[in-house]
Amino acid sequence: MTDLPTTTDRKLGLVIDLDTCVGCHACVVSCKGWNTENYGAPLSDQDPYGADPTGTFLNRVHSYEIQPETGPAQLVHFPKSCLHCEDAPCVTVCPTGASYKRVEDGIVLVNESDCIGCGLCAWACPYGAREMDAAEGVMKKCTLCVDRIYNENLPQEDRVPACVRTCPAGARHFGDLGDPDSDVSRLVAERGGMDLMPEQGTKPVNQYLPPRPRDALEPAGDVDVLAPYLEPVASEARGFIGWLDRALDRLPGGRDGEGP
Amino acid sequence: MTRYQPRLDTSPPVSDEVRQTTCYMCACRCGIDVHIKDGRVAYIEGNRDHPVNRGVLCAKGSAGIMQHNSPARLRAPLKRVGPRGSGEFEKITWDEALEIATGWLKPLRETDPAKLAFFTGRDQSQSFTGYWAQQFGTPNYAAHGGFCSVNMAAAGIYTMGGSFWEFGQPDWDLTKLFLIFGVAEDHDSNPIKMGIGKLKERGARVIGVNPVRSGYNAVADDWIGITPGTDGLFILSLVHELLRAGRIDLDYLARYTNAPILVNRDSKSPDYGLFLRDDDGKPLVIDRATGALAPFDRPGVQPDLAASHRQGDITHKPVMHLIASRYLQRRYSPEAVAGTCGIAPDKIRRLAAEIARTAFDEEIVLEREWTDFRGERHEVMRGRPVSFHAMRGISAHSNGFQTARALHLLQILLGSVEVPGGFRFKPPYPKPVQAHPTPHCKVTPERPLDGPHLGFPRGPEDLALDEAGNPARIDKAFSWENPLSAHGLMHMVISNAHAGEPYRIDTLFLYMANMAWNSSMNTGGVMEMLTDTDENGDYVIPRIIYSDAYSSEMVAYADLVLPDTTYLERHDCISLLDRPISEADAAADAIRWPVVAADRDVRGFQSVLCDLGARLGLPGFVTADGSAAYADYADYITNHERKPGIGPLAGWRMGKNGLTHGRGAPNPAQLNSYIANGGYFVKPIPPEAAYMKPWNTAYQDWAVKLGLFDAPQPYVFELYSEPLRRFQRAAEGHGARQPPDHLRGQIRAAFDPLPDWYRPLEEAQTDAAAYPLHALTQRPMAMYHSWGSQNAWLRQIHGHNPLYLPTKVWQAHGFAEGDWARVTSPHGEITVPVAHMAALNENTVWTWNAIGKRKGAWALSTEAPEATKGFLLNHLIHELLPERGDGLRWSNSDPVTGQAAWFDLKVAIEKAAPPAESRPGFGAIASPVGRGPAELTWKVGE
């Protein structure tokens with residue numbers, strides 16, 4: 001068993017906007033690229049050109065269909081990686097202390113040199129966010145790009161996780177969710193950000209912004225607020241030309257209009 | 001127990017060096033930072049300063065490292081030793097390969113250059129490859145646009161001097177309502193995602209019109225799950241509603257479009273349907289200030305949209321009258337179109353109302369003074385913040401040209417093109433038809449062609465016909481079958497060459513075009529055509545040369561393979577002469593350069609063409625003494641001048657007083673300047689020139705100064721298209737050049753000078769009861785054409801492509817997870833895995849395109865799911881329409897542009913016992929590159 005810190009100085013994490021995520025997998029692959037080349041063992045791929053290619057990914061995008069009570073079905077893209085929980089069961093279950101939560105920023109990491117590859121942490125994580133690397137035999141997980149966010153070899157603006165830097169739609173945000181005045185905390189407040197599976201009691205740091213309501217053009221009720229915008233001026237061509245003539249007179253420069 | 005927190009180095013070195021070049025994982029051409037460690041590629045991310053992607057990068061771009069290191073890379077030139085299609089080759093040297101190619105091509109140039117058909121696929125160097133083909137002298141050259149998006153491009157250029165995607169973009173910063181029509185997941189990539197992100201951030205609305213609710217349509221606030229092929233009718237219904245309500249921009253229409261221009265309305269007149277012109281040929285309007293006739297562009301004229309004019313016995317009416325008479329008809333009312341389009345009348349009306357409200361009640365006014373082409377000074381720039389984007393769902397139908405025209409009509413009636421908040425052009429666009437070349441096809445042995453191959457015909461006199469009136473080109477582009485085929489018809493080349501119609505060719509020379517697989521309709525048939533022999537046992541298509549970087553399906557069908565480099569090993573220019581990377585606020589071009597050296601015996605294809613051009617003695621590729629004019633493509637990029645002062649790259653040219661941009665002499669250090677600047681060049685447009693570009697004197701002068709064109713060329717948008725009317729007039733029996741009788745009806749109908757809708761051609765002659773479902777394909781965002789499956793990372797995301805079925809079909813046939821179905825069309829049959837999708841038009845099925853792979857290709861295992869369960873819909877689509885019993889071959893294309901109509905497909909479906917593998921199956925081809933490794937633990941640095 002491994003202890004969690006009683007508190008952390010900051011709560012660094014991600015805010016993921018499900019209204020905006022187009023499901024393009026850009027975050028998935030930039031994560032794969034950065035973390036293959038950087039922190040710890042490379043993210044390996046087995047049978048990469050064969051019948052059943054499987055590899056280690058620290059971030060994956062799932063897509064779900066939702067059928068509302070009325071209106072057409074919807075498709076929601078759902079990126080998922082480690083949520084850096086405050087009460088992270090993957091840490092407390094670790095028999096060697098390899099899994100730990102950092103005091104200064106709350107990032108949950110695996111110290112690969114102490115990891116025995118027992119897989120208990122992956123079993124304990126309710127989100128399925130940890131993946132065992134088949135080549136190295138150690139547990140891999142999102143590091144929140146701990147080797148980017150403080151990296152003095154990178155320009156200041158690049159000191160964000162690779163997935164956030166690359167997201168083309170701007171659906172991923174990084175910051176301190178422990179600071180109520182941070183941009184990410186404000187975004188969560190404005191948009192009704194949510195915990196994933198709060199009933200698990202893990203107190204995830206990462207937050208999800210729900211999709212905005214969809215399909216406002218679907219018929220609903222008798223009052224059509226848009227109707228005045230289509231009030232007819234004519235129903236056939238002859239009437240239209242008459243309207244046109246009058247309307248042209250009212251334009252600037254027309255007979256009834258203003259100068260020149 | 002305990003807590004142990006190890007000390008971490010949070011500032012590890014990232015790389016030895018960052019080299020900035022241009023991505024080639026799709027057609028967006030984003031800027032990338034390639035991190036190099038120990039001389040090898042370690043990591044790829046977006047370039048923050050780049051005008052296209054501003055630092056972001058899609059999944060494909062980030063996976064470029066796997067493409068660059070793909071086991072499917074070709075390693076040396078290959079000469080076929082087995083039968084065509086077997087994949088059996090021997091490695092040869094470059095000298096031998098180039099001698100073979102020269103030996104084949106030189107006699108053709110000396111006798112009949114048309115015997116060479118040179119077609120390039122997703123070529124990003126068309127101004128160069130086209131120039132090479134022109135110097136060779138063959139009329140048979142084009143790239144893959146005829147398969148992809150020519151309907152969009154041609155409709156845009158004929159209507160408003162530019163089109164969606166590469167030629168323009170929504171005003172992402174100001175638009176308030178954004179509608180996307182038929183936008184698949186793959187076009188375009190980062191720019192549209194960034195744009196939608198901006199809109200979402202400020203709460204602007206996005207509306208998706210698409211039978212499939214995935215990707216961008218999934219995040220759209222509203223989804224209109226339209227019936228495929230009916231977008232044109234739906235759009236004209238919106239036009240009907242807006243006209244009825246008078247919610248159109250009359251000031252804009254009068255000033256900047258041909259809505260006030262007078263049209264001859266006397267059906268007995270020889271000029272029926274053509275514009276009334278003055279002695280100088282200028283179209284005429286009634287000047288509202290004087291009530292008299294005036295040239296449309298005369299300073300001070302106020303064109304009248306309403307007044308008719310009688311001259312002699314002939315009545316002339318302004319285009320606006322014709323528009324009102326046409327679209328106010330009841331057949332365009334929401335009630336009339338609802339059934340065909342599959343959209344409730346109320347929903348159409350609400351959308352029209354929302355468009356009207358946003359355009360006119362949320363008008364944008366920018367305090368920027370500008371002067372129009374009539375010399376009138378304007379205090380402000382006025383904008384209608386409704387913008388549109390469209391792609392293949394409109395383009396790939398046989399009514400796509402007119403549908404795209406209908407969409408442009410809607411945009412222009414709203415006054416939302418080239419205004420703040422609307423749709424904006426990207427330099428070198430706007431560029432009207434009259435500023436483009438016409439097609440050229442005059443062949444003279446040992447001489448260049450008489451001009452550029454591709455262009456925009458103004459009338460029948462510009463068609464590419466021989467003296468007998470037969471098609472001059474092997475693909476029959478610019479013939480009466482598809483007169484405005486501005487991108488050629490790549491999908492007809494092999495079929496026509498095999499049929500010997502209009503003539504036989506000797507050598508088929510292809511670049512980056514997977515014609516033996518996903519880039520052909522009727523894939524199985526095409527494989528047979530490529531291997532078919534005549535009575536002497538010789539191949540019907542005698543010789544095939546192919547250049548590709550990877551072991552694609554097409555490689556197996558080549559006699560000679562010229563291996564290309566990966567995109568990180570090559571020079572390229574993304575040129576203002578071609579398809580540049582400009583943004584609405586700036587002209588921009590870019591380069592690729594070898595950020596790493598090739599480790600195989602491969603050469604950039606364009607460098608090979610320079611060499612081959614010199615060996616063939618092509619003008620422009622040899623110097624006066626007969627030696628090679630260019631050492632390689634980099635030398636060409638730097639030193640070639642298309643006309644004095646204008647070269648492939650606009651940045652850092654040599655002026656009289658040092659470095660300059662735009663016009664200038666070649667600069668030997670130009671590529672170094674590009675590299676130092678991150679691989680691109682940007683020239684911002686001054687704010688007073690940034691909108692209203694076709695009419696804005698400041699923009700016109702700026703464009704001339706930069707060298708985009710030689711003199712100001714203001715023009716008005718062509719709601720009524722006179723070039724279309726000229727073809728229609730010919731079909732009515734007027735004029736010297738006459739269409740064959742069997743095409744008169746088709747031309748009369750399809751060349752309507754006002755946008756209209758007709759049922760897609762194959763659908764119109766197919767039994768709807770026998771084939772009740774529409775079948776579509778799209779590429780996923782994380783893949784580009786056939787390239788993605790060789791990529792170890794991307795194929796883990798998209799390795800399977802079930803056929804997605806809507807709930808109604810799923811339930812009616814009692815399908816369950818894991819089931820398979822037999823899918824039939826008038827042309828063929830496939831048996832494939834199926835899956836359920838609810839967010840789908842109820843009469844539409846679809847799948848991911850080009851996930852399915854031929855066994856043995858791309859260095860994949862023959863057991864790869866792409867080869868065992870993957871499939872192509874292409875087997876169900878023919879390049880010809882079903883026979884009509886008239887003995888004629890009717891192309892399955894848009895009759896205006898020749899765009900391949902692969903979205904017209906109708907199918908029937910039934911449950912099938914699961915076969916061992918998807919059908920049809922084809923035998924494995926031998927892999928000239930072996931197979932990929934069993935495991936990857938990729939790490940360059942330690």
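The model is predicted: local features need pLDDT of at least 70, side-chain atom pairs count only at pLDDT 80 or more, and totals for chains, interfaces and linings use all residues. Residues are numbered from 1 along each chain as its sequence is written, while chains are lettered from A and ligands numbered from 1 in the order in which they are written. Helices (H or I, at least four residues) and strands (E, at least two) are DSSP runs, numbered from the N terminus.

**Contact of chain A with chain B**

- Chain A brings 86 residues to the contact and chain B brings 98 residues. Residues are in contact if their C-beta atoms, placed from the backbone, lie within 7 Å.
- On chain A, elements that each supply at least two residues include α1 (26–37), β5 (74–81) and α7 (237–250).
- α1(A) gives the most to this side of chain A, with nine residues.
- The chain A side splits into 44 nonpolar, 23 polar and 19 charged residues. Ala, Val, Leu, Ile, Met, Phe, Trp, Tyr, Cys and Pro count as nonpolar, Asp, Glu, Lys and Arg as charged, and the others, Gly among them, as polar.
- β2(A) runs antiparallel to β37 (residues 935–936) of chain B, joined by two bridges. Strands pair if DSSP finds at least two bridges between them.
- A:Q46 has B:E935 in β37(B) as its bridge partner.

**Helix pair in chain B**

- The axes of α3 (residues 94–111) and α18 (residues 605–615) of chain B come within 10 Å and cross at roughly 50°. Axes are lines fitted to C-alpha atoms, for helices over the stretch in contact, and angles run from 0 to 180 degrees between N-to-C directions.
- α3(B) and α18(B) are therefore oblique to each other. Angles under 35 degrees count as roughly parallel, over 145 as roughly antiparallel, 65 to 115 as roughly perpendicular and the rest as oblique.
- B:L98, B:A101 and B:T102 of α3(B) meet B:D611, B:L612 and B:R615 of α18(B).
- That contact has three nonpolar, one polar and two charged residues.

**Sheet in chain A**

- Three strands of chain A form an open sheet with mixed pairing, in the order β10-β1-β11.
- β10 (172–176) and β11 (207–209) of chain A are the edges, each with a single partner strand, so one side of each lacks a neighbour in the sheet.
- The twist averages 25° from one strand to the next.
- β1 (residues 12–17) of chain A pairs antiparallel with β10(A) over five bridges. A:L12 has A:D176 in β10(A) as its bridge partner.
- Helix α6 (residues 183–191) of chain A packs on the sheet and touches β1, β10 and β11 of chain A. The direction of α6(A) makes about 120° with that of β10(A).

Methods: Two residues are in contact if their C-beta atoms, placed from the backbone, lie within 7 Å.
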